[in-house]
Amino acid sequence: MTDTWEVTCRSPWKRPLWFFVGLGAAGAGLAVVRLVFWGGRWDVVWSAGGLVLALVGVASLRGVTARVSADAHGLHTRTLLRRRSVPWADVADLRVRLKYANTPRVQETRGVSLVLRDGRKRLLPLPRSWSPQDPDFDAKLDALRALHRRYGAPESSHVPVVSYRTAGRGWVGSLSLCALLVAGGCVAAWFVPGMVSDERAWRSATPCTARTPATERDTCVSTLSAVIARTDVNGLKQPSWLYFTESRPLERLEVSSDAAEDFKAGDRVELTVWRGQVREVAGEGHMWREHIPGAGEVAVLAAVFVLAAGYPGAQVLLRLRGRRLPDDEVLPSAFPFAAALAGTALWLLPLCYLHPTTLFASPGSITWAATGSLVTVGLFTWAWRATRVRTPTEPQATDGPAEPETEAFLAARFLEHTDYNPHGFGTHIVLGGGPPAVTPHPGPGRFAAKRIPVERLSVANVRRARGSDGDTVPRSWHIAELDDAGEPVRLAAAPDDLVRIIRELDPAKAR
């Protein structure tokens, strides 16, 4: 244990932050002076630029004034607007909060999360790291935990790491996304009955006659003659236009790019108008019809929204299901539920397209929906069982290592660099046909295999995967903590494969 009595964390980027503070103040002041004394048509631009620089300056000032210190009395934090002190007796644990980024230079960001005895959690402003290998961050974290061990009572002996895969990650974001997608599906479904009514009215519309009253001409179909003056053909992302001579019966009409290419200047066309909108343009050998989304298409869109909401809903379900797990234990993946949703979409989407408002109007659709519902129930039952939390089990007693007659390659990997796993090259462990060995391939053959020194290894513990084990470990795997001649080594594998490997590596423990 270290003899550190006080730890202080400050931002290592003070000079750049002070530069941005000054830049923000100068930009905001210049924008105010410009608006007060000069003004002009560029007021909006100057105001927007000053606001952006002011926000950058405030964010930089917050970063440069942030400070975290710890001593025998507790943990002290200072930010731009607030100061707070927490005694060590009220601190339950110090954890690493891990977030991932998709930028080339920053792959992950790490921060320290403070867990209080009453269950509340706070993210400390410092220390922070933007690299998986940051000695300064690791040293500050070790010093903080050493002080906590000296003057407090930590709940965990190891460093818990909370990431998007672990049980301690919040579920408010997933629940909000689920509710938003469900709301989108409800809005889309609300339009379906009206679109069905419009489709029926369009099919039953009759041509207008001279005796048709003006008040009823929106319900009948009118035909108007026109001459194309010119066309404006644009790409797929921009609208294309048909322009008419003398702007009669209208100046221009938005059409598809293919239709704009088919029609030429001087072509005589007939426009079909219904409810005040041009629905068709017919010329000599060419015709364009406005695409109006049908009720079936909108019903499919509503179903897609609801099915998409099922995935974040499944994530919330898994987090509630694993609420009794430690915060740093990895939860099962929600992909089995995604597969169940995809299987549901195979029968639900065609049904919604063909029967948007008549799901139960015919025996065929009723049979279709009932059969599909049974399939969905079966898929979700399988997904529920596939995502159960498996507790690590000890190997059963045996008389010795049950070495198979033929070679068996099991997917497993040592997480530490060792002489039999240099630079983490191993992806499989081969059993049978010789001593256990680490190989970088699934076989066959022992090419590039390195023998595992079984005589040096002993099993200390078997547990579920944690956030500190990294993303290379699948969610369903378990971890065996081994002792390699005094050095701790972690071995990751599927639960059944790990039990089989332990029997080979530590036959004495298996007995």
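Predicted model: local features only at pLDDT ≥ 70, side-chain atom pairs only at ≥ 80, totals over all residues.
Residues are numbered from 1 along each chain as its sequence is written, and side-chain values use heavy atoms, with hydrogens and water left out.

**View A. Nonpolar patch on the surface formed by Phe 19, Phe 20, Leu 23, Val 52 and Val 56.** Together these residues have about 430 Å² of accessible area, computed by the Shrake-Rupley method with a 1.4 Å probe and, for residues, only the protein chains shown as cover. Patches consist of residues with over 30% relative accessible area and no salt bridge, where like charges are joined within 9 Å and nonpolar side chains (Val, Leu, Ile, Met, Phe, Trp, Tyr) within 5 Å. A salt bridge is a side-chain nitrogen of Lys or Arg within 4 Å of a carboxyl oxygen of Asp or Glu. Two or more residues of the patch come from each of α1 (14-38) and α2 (43-65); helices (H or I, at least four residues) and strands (E, at least two) are DSSP runs, numbered from the N terminus. Helix α1 gives the most, with three residues. Phe 19, located in α1, has 55% relative accessibility and counts as exposed (exposed is over 50% relative accessible area, buried under 20%, partly exposed in between; 1.4 Å probe, protein chains only).

**View B. Largest nonpolar core, of 23 residues.** A nonpolar core is a set of buried Ala, Val, Leu, Ile, Met, Phe, Trp, Tyr and Cys residues joined through side-chain atoms within 4.5 Å. Leu 75, Trp 88, Leu 94 and Leu 114 touch the most other members. At least two residues each are supplied by β1 (7-10), β2 (67-71), β5 (91-100), β6 (108-116), β7 (121-129) and α3 (135-151). The largest share, five residues, comes from α3. Beyond its neighbours within four places in sequence, Leu 75 is in contact (heavy atoms within 4.5 Å) with residues including Val 68, Arg 84, Trp 88, Leu 124 and Leu 144.

**View C. Aromatic pair of Phe 337 and Phe 380.** Rings of Phe, Tyr and Trp (its six-membered ring) pair if their centres lie within 6.5 Å; planes under 30 degrees apart count as stacked, over 60 as edge-to-face and the rest as tilted. The search of the whole structure finds four aromatic pairs. This pair is tilted, at 6.1 Å centre to centre and 50° between the planes. Phe 337 lies in helix α7 (residues 335-354) and Phe 380 in helix α8 (residues 363-386), so the pair ties together parts that are 43 residues apart in sequence. Phe 337 is buried, at 5% relative accessible area, whereas Phe 380 is partly exposed, at 28%.

View D. The peptide bond from Gly 443 to Pro 444 is cis, with omega near -5°. Ala 448 counts as partly exposed, at 37% relative accessibility. Most residues other than glycine have a negative phi, and most peptide bonds are trans.
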